[in-house]
Amino acid sequence: MRNALLAAACAASAIIPAAVAWPGMEATLENLQKRDDLKSADCRESQELIGDLNWLPDYALSPVGSLVKGVILGRVSGESHEIYHDVPPLRSYACAANTCCVWWYIVDEMERLFRGPGGRCTNAARGAIRLGFHDAAGWSKYTGQFGGADGSIVLAPKELSRPLNAGLKEIVQQMRVWYDKWGHYGITMADLIQMGATVATVVCPLGPRIRSFVGRVDSYAPCPDGLLPSEESDADTLVELFRAKTIQPHGLAALLGAHSTSRQRFVNPSRFGDSQDSTPGVWDTLFYNETLGSAPPRVFKFRSDIVLSQDPRLFDEFRAFSDPNGGQEHWNQDYAREYVRLSLLGVYNINNLTDCTWVLPQARNEVAVDMWVNTTENILEVAGALRAGGLITGLVELTRPLVNKAKDASSA
Ligand code: HEM
């Protein structure tokens with residue numbers, strides 16, 4: 001109940017500027033809004049319901065509807081480590097009867113592209129994370145039931161020609177390749193894009209394993225223009241832009257951390273490929289430390305990240321995420337929760353979606369053990385490291401060929 005009241009209060013304060021009625025009132029309201037933001041930590045958390053969850057009463061919610069509502073309200077974790085071992089062969093009745101089964105095979109292909117030989121996530125993974133954001137972010141509560149996570153960033157070519165989508169050409173092309181191969185299994189482009197983003201995230205070492213749903217509806221119409229953030233915008237503009245997507249400042253602070261893996265190419269072409277923290281391709285919290293403080297010369301900080309990190313509405317979360325004691329876990333939890341919200345913006349059939357989280361790869365810190373227990377041949381190095389309580393993530397590559405062999409045998 002407290003959450004529902006807070007959501008209503010925060011939502012009401014967020015829409016006040018739309019009702020501006022006399023000269024000077026806008027500035028007054030803006031100041032009041034900022035003062036409230038600073039005063040009330042609760043209004044910096046995203047609590048607002050989205051899609052069909054807005055009008056469905058609790059008794060009408062399906063298990064997935066309740067689960068998503070729980071994540072959005074912060075009652076249930078946005079991460080899950082649920083796995084499933086006995087995946088039926090792709091071309092079997094058992095697989096056809098299970099909505100998630102084909103996704104297990106698609107995800108396997110994505111994983112191979114997203115993980116580099118050194119274990120870090122690749123350019124394709126970075127592209128997939130950004131693509132998931134740019135498809136879903138083409139929605140605002142002021143533009144009606146239009147846009148959002150609907151696949152239009154690939155299906156409506158006009159979107160890709162917009163300047164703020166520069167850099168997404170290769171991953172869009174890859175999505176088309178996957179859609180051509182897997183589309184006849186009845187999947188949608190909207191799901192392919194969002195699954196790509198969550199697979200890429202968990203493939204990055206230390207990345208969260210975000211709950212992943214399928215059943216979104218595709219759209220061939222370009223989303224409304226002007227809904228994506230610019231690197232040149234000031235903090236107020238960016239905070240309002242995300243508020244209109246139901247994402248409050250703390251949620252924005254968590255989502256921005258995706259720049260922990262990123263490498264810019266188009267903001268400053270003379271520094272093509274420079275990363276936004278000193279560990280590109282690793283989902284660690286150095287992005288928060290280095291955006292707030294100093295960073296090695298090769299790190300290229302976005303102006304938008306700097307102004308947001310210093311804004312009083314986001315600063316405390318930046319500090320909390322950068323804390324070596326628990327910051328990583330805190331960030332992963334918050335990111336997962338906000339990404340579940342983001343991945344469902346503009347989706348009005350949330351109650352009918354299917355939870356396919358179990359098809360995701362294991363989170364990287366557990367992946368070696370999971371792979372090891374799934375191989376039939378014993379790997380002495382892994383067994384020895386486990387016995388001694390040693391580091392095992394470096395041994396993943398020893399187990400991978402054996403697991404791939406087992407998977408190939410089951411899909412033949
Ligand atoms: C204030 C909000 C944001 C702004 C202004 C912003 C801006 C940018 C810019 C300018 C780039 C570099 C593009 C290039 O030159 O290649 C970039 C890259 C990236 N962004 Fe953001 N971004 C924002 C939020 C987000 C969010 C919320 C996510 C994910 C949830 C995200 C994920 C990424 C990723 C993964 C890349 C790297 C892409 C690559 O390396 O190919 N960004 N962003």
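By pocket I mean, on a 1 Å grid over the protein atoms alone, an open set of points with protein on both sides within 12 Å along at least five of seven lines, whereas a cavity is a set of points where a 1.4 Å probe fits but cannot get out, and lining residues have an atom within 4 Å of a point.

Please keep in mind that this is a predicted model, in which local features need pLDDT of at least 70 and side-chain atom pairs count only at pLDDT 80 or more, while totals for chains, interfaces and linings use all residues. Residues are numbered from 1 along each chain as its sequence is written, and side-chain values use heavy atoms, with hydrogens and water left out.

The volume of the largest pocket is about 1200 Å³, a volume being the space filled by probe spheres set on the points, which are joined across faces, edges and corners. Helix H6 (123–136) gives the largest share of this lining, eight residues; helices here are DSSP runs (H or I, at least four residues), numbered from the N terminus.

What sits in the largest pocket? The ligand does, in the sense that more than half of its atoms lie within 2 Å of the grid points. There are 23 residues around the ligand, and His 259, Ser 262, Arg 263, Arg 265 and Phe 266 come nearest, where near means that a heavy atom of the residue lies within 4 Å. H6 again provides the largest share, four residues of this shell.

Turning to the iron atom of the ligand, its only protein donor is His 259, through NE2 at 2.1 Å; donors are N, O and S atoms within 2.8 Å of the metal (3.2 Å for Na, K and Ca), and sites may look incomplete, as water is not among the atoms. His 259 is found in the loop between helix H12 (249–256) and helix H13 (286–292).

Finally, the search of the whole structure finds two cavities of 30 Å³ or more, and the second largest cavity is lined by residues including Gln 194, Arg 211 and Ser 343.

Notes
Helix = DSSP H or I, 4+ residues; strand = E, 2+ residues; numbered from the N terminus.
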